[in-house]
Structures are given as structure tokens and as C-alpha cells.
Amino acid sequence: LLAGAGLLLRSYQQLLRVNLGYRPANVLTARLQLPYPRYGTDTVVRAFYEPLLERVRSIPGVRAAGFASRIPLSAGNPQDNIIAEGREPKPGEPVLVANIRNVTPGYFEAMGTPLVSGRTFDQRDREGSLRVAVVDESLARHFWPNESAVGKRIYHQGDTSSTRFMTIVGVVANVKHNSVDETPDLQVYEPFSQRPTWSNYLIVRSTVSPEALVPLIRREVAASDPTLPLFSINTMQRVVDQSLSPRRLTNALLGGFAAV
């Protein structure tokens with residue numbers, strides 16, 4: 001029992017030092033859900049989220065902010081088959097499946113996900129402009145193991161439109177989405193302006209206590225639409241800690257038995 005408790009404690013300590021692909025300290029997260037059909041078109045959705053994001057960024061104590069359709073350790077995991085131009089699978093070969101995330105400019109900075117090469121999204125990536133994407137290191141290595149992924153093109157399987165190609169403008173670090181001890185899934189990030197989503201997470205990196213920003217953010221949301229609630233409010237550090245609670249319980253139980 002003592003040996004088992006010691007090994008579990010050592011593995012837990014190593015888990016605390018694992019690279020998550022983001023920095024959870026001083027990050028606040030919250031959700032917004034736009035009702036349909038009042039927000040029934042992409043244009044109306046953009047007109048709500050984009051000005052709101054600018055006002056949130058202007059709040060004192062906000063270092064960076066962005067919206068995302070999903071964040072690490074959140075419920076749900078939209079995926080799609082992704083094909084690289086010039087590397088289409090042959091009949092019978094498996095098609096790559098990747099997580100799909102729609103994010104605004106500022107998301108990577110707010111989440112603390114390092115940029116490996118290229119750039120992240122900015123105001124150039126608008127509706128009607130060149131379709132772009134950011135991918136993680138694992139997807140870049142899968143398709144282009146010995147060359148840069150920046151400038152290459154990918155698309156969703158089944159999309160046969162003339163505008164289906166997304167040019168990769170950046171590569172970011174791998175992110176652990178489902179658990180801190182998983183092998184990271186492949187990720188494709190697309191600009192929110194080019195592919196808006198009704199339900200989104202707000203991610204805010206602060207220079208003050210994240211909880212102190214909640215009433216100020218609520219005020220900005222109410223100024224945009226007083227009927228919309230801001231819900232699932234949490235800090236990213238607390239989310240990570242909660243994901244580790246089953247391991248802490250196991251360590252405590254085994255450690256207690258070992259001590260007895």
C-alpha cells in the first residue's frame with residue numbers, strides 16, 4: 001500500500017507539471033447563447049459578438065479577450081474530416097478527423113496558447129476575405145512532417161464549393177482538450193467572422209482577480225442585450241483543478257489506507 005501510494009503521488013505530481021498547451025492562471029471563462037430566430041443570420045450574430053468583444057477588451061484589468069465555440073475541458077467536441085490539398089486519401093484509406101474550433105482574434109492570447117509559426121487571426125480574416133485556418137503542431141506534422149504547414153491548404157471533406165480551401169496562416173501548440181493526461185487531439189481553428197457560431201465561450205485574461213471582472217462583463221453583455229444571461233462562469237484554473245479531483249480523491253484514499 002505504501003509503495004502504491006508513493007507511485008500514485010509521484011504520477012500525480014508529474015501530471016501537475018504536464019504542458020496543457022495553454023496557461024490557465026488569471027483566465028476567466030463564461031458562456032453566451034444567442035436565441036434563434038432573433039439571432040437568425042450570420043450577419044446578426046457577428047453584429048452582436050464583435051462589438052461586445054471590443055467593449056470587454058476596454059474593461060480595466062483585461063489583458064486579452066476572445067470568443068471560442070469550445071475551450072479546453074468543456075463539454076462537447078465538434079469534429080470533421082479534414083483533407084489536405086495534394087494529399088487526398090486514396091480509396092480505402094482513412095480520412096483524418098480533427099476537432100473544429102471557431103475563434104475570434106485574441107483567443108490564443110487570452111488562453112495563453114503559444115504560437116509556433118506564422119500568425120494568429122486578426123482583422124484581415126473577415127467575411128468575404130481569403131478563407132484561413134490555424135492548426136496545431138500534430139496536424140501540421142501529420143500532413144507535412146518535413147516542411148512548414150504555413151501557406152498550405154486544407155478543406156472539409158464533402159465541401160465541393162469553389163471557396164472550400166482554407167489557407168493555413170499559423171501553427172499553435174498542441175492543446176489537451178478532454179483531460180490533462182490525454183494525447184492531444186488534432187485541432188483546426190477557423191475565424192469566427194468567416195464561420196460564426198451562436199453559442200460561444202468568452203475567455204478573458206486579466207491582470208487582476210478574474211472574479212472581479214464578472215460584474216463589469218455582465219454590464220457590457222446587458223448593454224448589448226439585457227435578456228441574455230452570462231452563465232457557466234468559472235476560472236480556467238478552477239476548471240483544471242476540478243478535472244484532477246478524481247485523482248486527488250484516489251490519492252487521498254490510498255494514502256489513508258497506507259498510513260493505517
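Tutor: Start with strand 4, residues 96–103, in this predicted model.

Student: What makes strand 4 mostly covered?

Tutor: Buried means under 20% relative accessible area. Seven of the eight residues in strand 4 are buried, so the strand is described as mostly covered.

Student: How do you know that strand 3 and strand 4 pair?

Tutor: Pairing requires at least two bridges between the strands. Strand 3 (residues 79–84) and strand 4 share four bridges, in the antiparallel sense, so they count as paired. On the strand 4 side, V97 is the bridge partner of N81.

Student: And what makes strand 9 a partner of strand 4?

Tutor: The cut-off is again at least two bridges. Between strand 4 and strand 9 (residues 187–191) there are five bridges, running in the parallel sense, so this is a pair as well. I100 has V188 in strand 9 as its bridge partner.

Student: How many helices and strands does the protein chain have?

Tutor: There are seven helices and 11 strands.

Student: What share of the residues is buried?

Tutor: Of the 260 residues, 47% are buried.

Student: What share of the contacts with a separation of 6 or more joins residues 24 or more positions apart?

Tutor: Such pairs account for 78% of those contacts in the protein chain.

Conventions:
Residues are numbered from 1 along each chain as its sequence is written. This is a predicted model: local features need pLDDT of at least 70, side-chain atom pairs count only at pLDDT 80 or more; totals for chains, interfaces and linings use all residues. Side-chain values use heavy atoms; hydrogens and water are left out. Helices (H or I, at least four residues) and strands (E, at least two) are DSSP runs, numbered from the N terminus. Buried means under 20% relative accessible area, exposed over 50%, partly exposed in between (1.4 Å probe, protein chains only). Contact means heavy atoms within 4.5 Å.
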